[in-house]
Each structure stands twice: as C-alpha cells, then as structure tokens.
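Q: Can we go through this structure together? I would like plain answers, one topic at a time.

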Amino acid sequence: MPGGFAQDSGPCPCGGGEYSCCCGPLHRRERRAETAEQLMRSRYSAFAKGEVDYLLHTHEPTESRWALRQACRQTRWLGLSILAVDGGGAADLEGTVRFEARHREGVLVETSLFQRRNGTLAGEWFYVRAFELDS
C-alpha cells in the first residue's frame, strides 16, 4: 500500500507521463518494474512523492523508515535525466543506470546497481547500491 504524502494525479516526477499510469501503479504494487531503468525511475518518483514503503520494498533492508521519510521531506526534486543504461533488461539479472537528478540544492549524478531478487529472472528488481556520487 502506498505510504506517501502525494496525490495520484498530474505528471510523473520521472518524466514518463501521467503519474497514475507511470510510476503510480508500481508504488501501489499493482505492477512490477520490468527493467532496472523502470525501477530506478519509480524510485526517483517515490523519493519525490514520499512513497517510503515503496522505497523500503525495493531496497535491501538497510535504510530506516525514519531516515527515508526525512530525506523525502527535506529534498525538493525537480527533474530526472537518464544518462546511460547497461543491462537491466527483461533477460538480465543485473543492470546499472547512470542518471542525473536535479533538486533545489543542486544536482545528484549517480550510477546505481540493480539486481533481481533470488538471482532469477522471475525475481523483482531491487536497488543494491550506488557506485559513485557526484554533486
């Protein structure tokens, strides 16, 4: 169930269209991300919309609910650009996405690693870690 503080209408923060048809169904767990890039976009939107439950569900259990909620409330996200994608398709077990996320205080450039749960193609995509952080 969504646990954020956002409405289900308007443009999707990831830039992929209407939120209710783009990342909204992933946040509500009506659909699963089919690619690493789709998961990355949906996680960006979850940060922008305060969907802490989704962020916890799509990450290894190392983040605290409180820290994620604070991060969502303290950062005003302004836009997302995908810079490069390596792997992470329907037939892959792993992939990386390099992106630029603009926020009120500047720009986050990161390369994120994503993997399938249980190491199988049937497993859901989840965020593993960032390779590098640039500001």
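**Strands, rings and cysteines**

A: To begin, β2 is joined to β3 by a hairpin through two residues. The model is predicted: local features need pLDDT of at least 70, side-chain atom pairs count only at pLDDT 80 or more, and totals for chains, interfaces and linings use all residues. Residues are numbered from 1 along each chain as its sequence is written, and side-chain values use heavy atoms, with hydrogens and water left out.

Q: In which sense do β2 and β3 pair, and over how many bridges?
A: Strand β2 (residues 94-103) pairs with β3 in the antiparallel sense, over ten bridges. Two strands pair if DSSP finds at least two bridges between them. Strands are DSSP runs of E with at least two residues, helices are runs of H or I with at least four, and both are numbered from the N terminus.

Q: What stands opposite Thr96?
A: Leu113 in β3 does.

Q: And His103, is that buried or exposed?
A: His103, found in strand β2, is buried at 17% relative accessibility. Buried means under 20% relative accessible area, exposed over 50%, and partly exposed in between (1.4 Å probe, protein chains only).

Q: Which residues does His103 touch?
A: Not counting residues up to four places away in sequence, His103 touches Thr75, Arg76, Trp77, Leu78 and Leu108. Contact here means heavy atoms within 4.5 Å.

Q: New topic. How many aromatic pairs are there?
A: The search of the whole structure finds two. Rings of Phe, Tyr and Trp (its six-membered ring) pair if their centres lie within 6.5 Å; planes under 30 degrees apart count as stacked, over 60 as edge-to-face and the rest as tilted.

Q: Why is the pair of Tyr44 and Trp77 edge-to-face?
A: Because the planes of Tyr44 and Trp77 are at 70 degrees, with the ring centres 5.7 Å apart. Tyr44 is in helix α2 (residues 36-49) and Trp77 in strand β1 (residues 77-87), so the pair ties together parts 33 residues apart in sequence. Tyr44 is buried, with a relative accessible area of 5%.

Q: What about Phe114 and Tyr127?
A: Their ring centres are 5.8 Å apart and their planes at 65 degrees, so this pair is edge-to-face. Phe114 lies in strand β3 (residues 106-116) and Tyr127 in strand β4 (residues 125-134), so the pair ties together parts 13 residues apart in sequence. Phe114 is buried at 1% relative accessibility, and Tyr127 is buried at 13%.

Q: OK, cysteines. How many disulfides does the search find?
A: Zero, over the whole structure. A disulfide is a pair of cysteine sulfur atoms within 2.5 Å.

Q: Which sulfur is nearest to that of Cys21, and which to that of Cys23?
A: For Cys21 the nearest cysteine sulfur is that of Cys22, 8.6 Å away. For Cys23 the nearest is that of Cys12, at 3.5 Å.

Q: Are those two buried or exposed?
A: Cys21 is exposed, with a relative accessible area of 56%, whereas Cys23 is buried, at 3%.

Q: Last one: where is Asn118, and what is its phi?
A: Asn118 is in the loop between β3 and β4, and its phi is near 65 degrees, a positive value in a residue other than glycine. Most residues other than glycine have a negative phi. Asn118 is exposed, at 73% relative accessibility.
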